[in-house]
Amino acid sequence: MYDKMGARRNGRRLADHSDSGSESQPLLSSDASHASRRSFGGICMFPDSETSDFETTVTTEVPSGEKKDLQSNVNRRPPFYHGNTYEKFRNGLPDEMNSMTYNRFQYYSKLRAYAPEDESALVVPDHVIPTSVFVPYVPGRDQESPKQSSFVTIFAVWNTIMGSSLLTMPWGIERAGLWTGILIVILMGALCLYTAYQLLEVQKCHGFNSPDGEVADLSRELLGRPAEVVAKSFSLIVLLGATIVYWILMSNFIYHSVDYLYDAVNGVVATSSDPNSTYPAVLCMQHPDLYNITMSMKHPEEAIAFHQIWDLEKTVPIFLIIIIAPLINIKSATFFTKFNSLGTLSIMYLLIFVFVKASKWGINVQLSDSESPSYVPPFSSSFPALSGMLALSLFIHNIIISIMRNNKHQENNGRDLSVAYVLVIVTYVTIGVVFYICFPLKKSCIEDNLLNNFENWDLMTAVARLFLFFQLVTVYPLITYMLRAQIFTALVENEYPGFFHVLCLNTLIITVCVFFAIFLPKIGAIIRFTGALSGLIYIFTLPSLLHLACLRKHGKLTLASTIFHLLIPVIGGVNLLSQFFVSDH
């Protein structure tokens, strides 16, 4: 889910080249920083140029009245050139010089020709997030290259789509039934792949080569201003839903982590009420009569007092403000992008976690005896819960153009996107099905956060919670930055209008998150409603309408294509409506 929202800005290539380390791939999406491009007065960074912002051939002609001494621009030393490299360039480009160096200098010279004399336009604001946030560090990859290989592109899409939905996937399979769940994951994956590919085709068909060729921009050009407003509004819904889910998860993880440390320090020992229990670390919150534990402790009065203060649904979401509030009010969010590889590590750990637990449990499946605790129904009428959740779990549509634009081999975009989605589907099915069929208690005991099915004192679970907490702490400031940047850009055309404005907005966001964490801490319900609502627009409706508009523009629209693509939004509408008729348990 994180892995699904962002902001792509003009001028970011220059920022990436002058920044450090891995921050070299411009991959953030469209809406979060329009203000930075407005300083150049147009949609493109170089509105009067005969070449696109991403071409390596610089045009020496400048519009009348704005001509500058290009030779003086060449003599101005770019901030990313020093010493011998720059002198070699001035004396003539030698054969051994890297072509990337020359391309960078062309890009700088082109930018410099339109910049003010004080070079203020070349200064990247502190609050701008480097666009490499969606590309995890890959050992051996050329971090300086403005383009990425198919492998890195596939990996970036897979890593961006993956998110907290991994924790809810076994619950989704339980809601849909085994065979129905697998089928829905495959069908929803195929549909999301098709609509994401539609956006790439529309972008190519319409000729958007500038960094602004995103869904909102395409909607404005092909469908009108109202469509752009709708696209940006539902992008905000996705971001807000993500902040709520992350707050609930962070509250859960820090609660159980502190509880684990408290029990360890105070010598609390957990024992099963059933001496023959085979799975002492597994919980069933929905059917506590199936499995009970007793806690022995040295000072029970102190423990009672401690848990009155440290309560998961009453006090911990409020205590969390002490940690998160200072982080999201920092003007610069660049620091947190250094930890984007934690997302990949968390996915790997969850895969290992599920397989280790499953190997201990074995397969617990009964297909015929409905009275058995291991009974697995092939179909369940509550399957829309899974389809709604998948609409967010497979969501990448608002940033897919940015990611695929940086693929070195544009002709392979369709193939690479397909491979990435296949990997996503395989990962979801693997975690969901393996946990579901091996879970040793009644299948209805599976929680919408699979870690809630384990005791605090289970070591692997404690490590998972602590690790995921630190990962979300680094992701949450990025999500709130993207949310506030889109809101302030739309309202006042300034990503950072001032500390007081940011503080007020962040206070409102945190208040909403705390409210949900206290009164509705159900991430399954939040994900499925957010996914169904935003998916109706971004997955089912906008890609289809944009595709039809592009076909009509080029005189290729047919009746069959119109009927087929108008049925896709109907599917999205049914998916949203059905969420009101299913329960979470």
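1. Asp217, Arg220, Glu221, Arg225, Glu228 and Lys232 form a linked network of salt bridges (a side-chain nitrogen of Lys or Arg within 4 Å of a carboxyl oxygen of Asp or Glu). The structure holds 10 salt bridges. This is a predicted model, where local features need pLDDT of at least 70, side-chain atom pairs count only at pLDDT 80 or more, and totals for chains, interfaces and linings use all residues. Residues are numbered from 1 along each chain as its sequence is written, and side-chain values use heavy atoms, leaving out hydrogens and water.

2. Within helix α10 (residues 225-266), Glu228 and Lys232 sit 4 residues apart, about one turn of the helix. Their side chains meet in a salt bridge (3.2 Å, N to O). Helices are DSSP runs (H or I, at least four residues), numbered from the N terminus. Glu228 is buried at 2% relative accessible area, while Lys232 is partly exposed at 22%. Buried means under 20%, exposed over 50%, partly exposed in between (1.4 Å probe, protein chains only).

3. Glu174 pairs with Arg175 in a salt bridge, with the closest N and O atoms 3.0 Å apart. Glu174 is buried at 10%. Arg175 is buried at 9%.

4. Arg415 and Asp416 form a salt bridge, closest N and O atoms 2.9 Å apart. Arg415 is partly exposed at 47%; Asp416 is buried at 1%.

5. Glu493 lies in the loop between α17 (459-492) and α18 (499-519). Glu493 has a positive phi of about 55° although it is not a glycine. Most residues other than glycine have a negative phi. Glu493 is partly exposed, at 48% relative accessibility.

Methods:
Helix = DSSP H or I, 4+ residues; strand = E, 2+ residues; numbered from the N terminus.
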